[in-house]
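The sequence and the coordinates come before the discussion.

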Amino acid sequence: MRLSALLCAAALLLSGAAMAQAPDKSMPPQIAAGLAETTVEVKVNYSGARIVLFAASPDGEDDTVGFAVALIGPSAPYKVIHRTPSGSEERFSFVSAPSVFAIGAEPQVAESTPPEVMIEAGLNAAAAAMPNPSDLMAPDLETWRAALVDLKMEEGLYSLDETTIERLEGGLRRARIILPPNAPPGDYKVRAVAFRNGQRIGETEQKLTLVRGGMDATLFDLSKQHGFIYGLLAVLLGFIVGGIAAWVGRR
Amino acid sequence: MLIHLPIAQIAVDPLIIAAIGTGVGFLSGLFGVGGGFLLTPLLIFYGVPPAVAVSTQANQVMATSISGASSHWADGAVDVRLGSLMLAGGLAGSLIGVGVFSLLRYFGVVDATISVLYIVFLGVIGGLMAWESVGALRGGGGGDPGRRTRMRAWMRGLPLKRRFPRSGLYISIIPPLGIGFFVGLLAAVLGVGGGFILAPAMVYILGVPTRVMVGTSLFQIIFLTAFVTFLQATFNGTVDLVLALLLMVGGVIGARAGAAAGRKLKAAQLRLLLALVVLAMAGRLVYELYVEPKPPYRLEEQT
């Protein structure tokens with residue numbers, strides 16, 4: 001009886017200690033990092049961009065430390081529709097999922113970090129898709145999430161293997177992330193997390209803004225804010241181009 | 001070099017887009033059809049979002065129709081009186097068609113109805129036209145179908161007759177109005193310009209000479225597509241002006257070349273080629289509906 005009480009106390013003490021460590025585990029120390037540019041302008045010659053992030057390893061040249069880097073776009077609600085073999089359709093709503101998700105990791109991270117740690121670190125594309133609260137325990141949630149990720153990959157907005165991370169002197173990392181040409185304007189974040197032996201040891205989050213500029217912005221704003229004028233402009237453009245062609249043809 | 005499209009939000013190769021416009025414009029100038037039924041799937045295949053493709057093609061078709069129609073106008077092959085009547089019917093038909101479309105959508109049968117209608121119309125029209133034009137070519141004539149056919153006998157008894165000198169017709173205004181209305185109705189339900197239905201209907205039902213049919217069909221397509229472009233741009237904001245401009249530049253060049261090529265062909269040869277295009281379109285739809293495997297999942301972004 002005394003032994004079992006002692007064991008219980010020891011277990012409580014251990015769990016207490018574990019709980020005391022939990023905040024440290026979920027909030028690892030910040031690491032020094034910076035983006036080469038924090039604003040990307042979408043102009044008419046925009047065909048995608050390459051985002052460059054520099055991040056310093058918390059443990060210098062330590063070879064056991066690995067990085068994972070993710071570019072996460074502004075969130076939007078989505079609906080995934082499944083056509084069953086009988087021809088009927090099933091729908092599943094996500095109240096929020098990143099519009100863009102590009103991730104890359106160094107080999108030691110991919111080999112030694114369990115999926116749940118990647119989820120906890122905010123580096124899992126599927127887990128970033130949030131369903132309605134009532135669907136959180138849905139048995140087929142993971143299937144719907146996987147379908148969402150596949151569909152976004154088909155659109156070129158999610159990528160799981162195009163981000164490259166280079167190791168520079170002093171443990172400094174340079175990550176190159178592809179921002180696709182169809183990425184929507186808005187506020188993005190670039191997350192870099194350092195891992196050792198499957199555990200997070202440091203992280204950083206940098207803000208990136210994608211804004212429309214030049215003629216791209218003018219036309220987009222005109223179409224959204226002054227639809228009537230935009231409509232007249234579209235008809236006028238057709239008449240002008242068609243008219244010029246007719247005039248040239250007659251000559 | 002790539003260009004970013006502000007509404008479609010994708011980067012495209014301007015030369016490829018212009019080439020698509022040229023190809024479709026050529027067919028438009030040759031046959032007097034708008035070409036939207038070819039242009040929309042081509043744009044979607046290239047990666048343009050469907051809503052933008054559907055709206056922007058109308059803008060391109062409008063410009064190429066102006067270019068193509070002007071060429072036929074110079075040849076005296078546009079019947080403005082007949083075209084205006086069909087346009088009036090077409091606008092009324094498209095207004096009713098929008099209501100029919102809403103009803104079909106309400107009952108959840110819009111997709112099935114559109115697919116079946118498309119296949120039936122394309123198949124029947126293409127088949128009949130191919131049959132007739134092959135017969136005409138074999139007979140050695142190669143011109144227009146006979147003027148006093150059994151199909152047109154019923155029209156002679158209709159009231160409100162008017163002369164259409166350009167087409168050499170003296171017929172009631174009811175059939176052109178009715179055909180325009182029916183095509184407008186179908187155009188609204190099927191989401192196309194309706195040229196591929198209008199063109200054969202003008203030749204076989206009204207008896208319009210093939211060459212006048214081409215110019216007159218393009219003439220009324222100008223106004224119908226201008227109307228659609230304005231509505232889509234104003235209310236949906238889905239017309240991409242940069243994409244439209246690229247398509248137009250290619251399209252107007254193609255339309256002129258198409259109109260010039262059309263002059264070198266016999267009327268029956270033109271009808272046979274149009275029949276083959278229509279039948280190919282029907283075949284593609286049958287393939288899409290019944291053969292091509294459909295992806296099990298699709299994504300919708302909520303607004």
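How many residues of chain A are in contact with chain B? The model is a predicted one, and in it 43 residues of chain A are in contact with 41 residues of chain B. Strand S5 (75-83), helix H4 (141-154), helix H5 (214-225) and helix H6 (227-250) of chain A each supply at least two residues of the side that touches chain B. H6(A) gives the largest share of that side, with 17 residues. By residue class, the side of chain A that touches chain B consists of 25 nonpolar, 12 polar and 6 charged residues.

The link between the chains is the pairing of S5(A) with S5(B), residues 297-301, which is antiparallel and has 5 bridges. Within this pairing, A:Tyr78 has B:Glu301 as its bridge partner.

| Strand pair | Bridges | Sense | Residue pair |
|---|---|---|---|
| S5(A) and S5(B) | 5 bridges | antiparallel | A:Tyr78 and B:Glu301 |
| S4(A) and S12(A) | 8 bridges | antiparallel | A:Ile72 and A:Lys189 |
| S4(A) and S7(A) | 5 bridges | antiparallel | A:Val69 and A:Gly104 |

Why can S4(A) be called largely enclosed by the rest of the structure? The reason is that 8 of the 8 residues of S4(A) are buried. A:Val65, A:Phe67, A:Val69 and A:Leu71 point one way from the strand, while A:Gly66, A:Ala68, A:Ala70 and A:Ile72 point the other way, and all are buried.

Beyond its neighbours within four places in sequence, A:Leu71 is in contact with A:Ile51, A:Val100, A:Ala102, A:Ile177, A:Leu179, A:Tyr188 and A:Val190.

**Chain B**

Chain B has 10 helices and 5 strands. Its radius of gyration is 19 Å, close to the 19 Å from the globule rule for 303 residues, so chain B is as compact as a globular protein of that length. The C-alpha trace of chain B spans about 55 × 45 × 35 Å along its principal axes. Of the 303 residues in chain B, 53% are buried. Among contacts in chain B between residues at least 6 apart in sequence, 80% join residues at least 24 apart.

Helix H9 of chain B, residues 241-263, has 23 residues and should span 33 Å at 1.5 Å a residue; its end C-alpha atoms are 32 Å apart, which agrees. This helix is mostly covered, since 19 of its 23 residues are buried.

Helix H3 of chain B, residues 50-74, contains B:Val54. This residue is buried, with 22 other C-beta atoms within 10 Å. B:Val54 and B:Asp240 are 186 residues apart along the chain, and their C-alpha atoms are separated by 10 Å.

**A charged residue at the interface**

Is A:Asp216 buried or exposed? A:Asp216, in helix H5 of chain A, has 24 other C-beta atoms within 10 Å and is therefore buried. Leaving out residues up to four places away in sequence, A:Asp216 touches A:Val42, A:Lys43, A:Val44, B:His4 and B:Pro6. From A:Asp216 to A:Gly242 the separation is 26 residues in sequence and 24 Å in space, C-alpha to C-alpha.

Terms used:
Residues numbered from 1 in each chain as written. Chains lettered and ligands numbered in written order. Predicted model: local features only at pLDDT ≥ 70, side-chain atom pairs only at ≥ 80, totals over all residues. Helix = DSSP H or I, 4+ residues; strand = E, 2+ residues; numbered from the N terminus. Rg over C-alpha atoms; globule rule 2.2 N^0.38 Å. Buried ≥ 20, exposed ≤ 12 C-beta atoms within 10 Å, placed from the backbone. Contact = placed C-beta atoms within 7 Å. Nonpolar A, V, L, I, M, F, W, Y, C, P; charged D, E, K, R; others polar. Pairing = 2+ DSSP bridges. Expected span 1.5 Å × (residues − 1).
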